[in-house]
Amino acid sequence: MPTTAIAHPNIALLKYWGKQDGPGNRPATPSLSITLDALTTTTTVEDADADALRLDGRPVRDAKIERTLADWRRDYAIGPLAISSHNNFPTAAGLASSASGFAALATAIDAHCGLGLSDGERSALARRGSGSAARSIHGGFVALAAPDWRGEPVLAPDAWPLAVVVAITASEPKAVSSTEGMDHSKTTSPYFAAWTAAADADFEAMKAAVAHRDFDALAELAEASCLKMHALMLSSRPPLIYWRGATVECLRAVRELRAGGCRAFATVDAGPQVKAVCEPQDAERVEAALKNVPGVVSTLRSGLGGGARVADS
Ligand code: 2P0
């Protein structure tokens, strides 16, 4: 019998960029994210004679998934599997498909192979595939921090139901993967030490902003974390420039909205898309403003969603 799990991508408001040395894919800095509900990865696993992977219906080879399965098998009895994964959103468009992908895969395999993992163990397993996937095990606001580097729920999705508007500015796959980009920044950016030195204080400040549902403080901290991460990318040698012109224009548009009294802030990951976070009553206005920015191809809207789970049969 096949087993199906679903998971949603998450967007980091406090960014993870850079890893610790050594095994386990442990981040160098804590992060804090929101899990989205409108974007979904659905992954089905089934016993097979040999591993086989289908993404959105097409047979594929994926070195990162193959490496991760080999790593998981060092610790867990996981037989050969036919894996079929489907995203209801563009896979290569910088929308955190590896977060939802590895969270769904870890959840499906845990159930299918009877590993009996706790949420924390499942999060650690997902992290070994992709750091951000550790956070998609949970819904709402989620922290990923020392010493365990397992996703920890901070606030349930309905406790502070913010909205997210994603502005897609380009849809080709990124030229430099996050894993490569992080390593490159760690080894070449003169600002990397400053990034890690401030990380714990930034994390505590953001946790407090979330605990108090303080939108203005969250907006200020999230934009600072995002732009500090992009400063690391830009100061790497050679530089990593994930932005398009429209990315910057979207950041400007969100700032103008905020100056006009709209509660919204923007964040950008390792790609050209802009994610605006706002209060639900402002989502329509934010989406209209971003649609109007030249170079924006399309927009998506989402609320906050739940954690990775086995689908009802
Ligand atoms: C984040 N990103 O915190 C940051 C912000 C992108 C920019 O985590 O190497 O795919 O697989 O652990 O999780 C994207 O990197 O990296 C990411 P790996 P991952 O969301």
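In this protein, residues 24 or more positions apart account for 76% of the contacts with a separation of 6 or more, a contact being heavy atoms within 4.5 Å. What you have here is a predicted model, where local features need pLDDT of at least 70, side-chain atom pairs count only at pLDDT 80 or more, and totals for chains, interfaces and linings use all residues. Residues are numbered from 1 along each chain as its sequence is written, and side-chain values use heavy atoms, leaving out hydrogens and water.

Let's start with the overall build. The protein has 9 helices and 14 strands; these are DSSP runs numbered from the N terminus, H or I with at least four residues for helices and E with at least two for strands. The radius of gyration is 19 Å, close to the 20 Å from the globule rule for 313 residues, so the protein is as compact as a globular protein of that length. That radius is taken over C-alpha atoms, and the rule is 2.2 Å times the number of residues to the power 0.38. The C-alpha trace spans about 60 × 40 × 35 Å along its principal axes. Of the 313 residues, 52% count as buried (under 20% relative accessible area with a 1.4 Å probe, protein chains only; over 50% is exposed, and partly exposed is in between).

Now zoom in on strand S3, residues 31-35, where 5 of 5 residues are buried. In a regular strand the side chains alternate between the two faces of the sheet. Here both faces are covered: Ser 31, Ser 33 and Thr 35 sit on one side, Leu 32 and Ile 34 on the other. S3 has antiparallel partners: 4 bridges join strand S2 (residues 10-14) to S3, and 4 bridges join S3 to strand S8 (residues 141-145). Strands pair if DSSP finds at least two bridges between them. Leu 14 has Leu 32 as its bridge partner in S3, while Ile 34 stands opposite Phe 141 in S8.

His 138 is found in the loop between helix H4 (133-136) and S8. His 138 counts as buried because its relative accessible area is 10%. Setting aside neighbours within four places in sequence, the contacts of His 138 include Thr 35, Asp 119 and Glu 152.

Last stop: the lining of the second largest pocket. Helix H3 (residues 119-129) gives the most to that lining, with 5 residues. By type, the lining residues divide into 4 nonpolar, 2 polar and 6 charged, with Asp, Glu, Lys and Arg counted as charged, Ala, Val, Leu, Ile, Met, Phe, Trp, Tyr, Cys and Pro as nonpolar, and the others, Gly among them, as polar.
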